[in-house]
Amino acid sequence: MMFGLKGSSGRSFVQPGCKYGLFVPFVQHSGINYLCTMTNEERLRNHGLRVTDTRMAVLDLLQRSSKALSQADVERALPEQADRVTLFRVLQAFEENGLAHRVQDTKGVARYASCAPGCSTHKHHDVHAHFRCTDCGDVYCLESVLLPKVSIPKGFTLKESHLQLEGSCKACA
């Protein structure tokens, strides 16, 4: 059963796996609050992942963050949680299973942000622009700026599409 949800932007979102009629705060993604009764434990299981303390901590951190985080950011935020290799594997598993999406910054550093509810192993629904602050380097998801629909020539296959905007963030402006 799926329930329709409405984020603070006014856009409606659907959370697969929500099976109860009562909604409680669920996840914040790029400043939009999504509501669902699914716990993070259920979310991990529904995405085919075992529940571990490290996965729970990283998922909570990504959901609470207003910006995309690098692996180094996660390591600094959770110094006692796990070693570098474990955190790399957790972030990779989250991306592969639809819990996080990856954004490459201009220096080639991978940054991760919590996926919007509705992303799955085979389909990411995070088709929005990203904003990189040229002063501090932080990367933000811009949920309200959707990627344009493009027509590609016959015989071409589109695998990924990105729109990254650059300028000064609110803190640096």
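Is arginine 64 buried or exposed? Arginine 64 is exposed, at 53% relative accessible area; here buried means under 20%, exposed over 50% and partly exposed in between, using a 1.4 Å probe and protein chains only.

1. Ground rules. This is a predicted model, where local features need pLDDT of at least 70, side-chain atom pairs count only at pLDDT 80 or more, and totals for chains, interfaces and linings use all residues. Residues are numbered from 1 along each chain as its sequence is written, and side-chain values use heavy atoms, with hydrogens and water left out.

2. The arginine 64 pair. Its partner in a salt bridge is aspartate 60, with the closest N and O atoms 2.8 Å apart. (A salt bridge is a side-chain nitrogen of Lys or Arg within 4 Å of a carboxyl oxygen of Asp or Glu.) Aspartate 60 is partly exposed at 30%.

3. A link between loops. Lysine 67 and aspartate 138 also form a salt bridge, 3.1 Å from N to O. Lysine 67 is in the loop between α2 and β5 (69-70), aspartate 138 in the one between β8 (128-133) and β9 (139-146), so the pair ties together parts 71 residues apart in sequence. Aspartate 138 is buried at 15%, while lysine 67 is partly exposed at 27%.

4. Cysteines. There are zero disulfides (cysteine sulfur pairs within 2.5 Å). Cysteine 172 has its nearest cysteine sulfur, from cysteine 169, 3.7 Å away.

Key: Helices (H or I, at least four residues) and strands (E, at least two) are DSSP runs, numbered from the N terminus.
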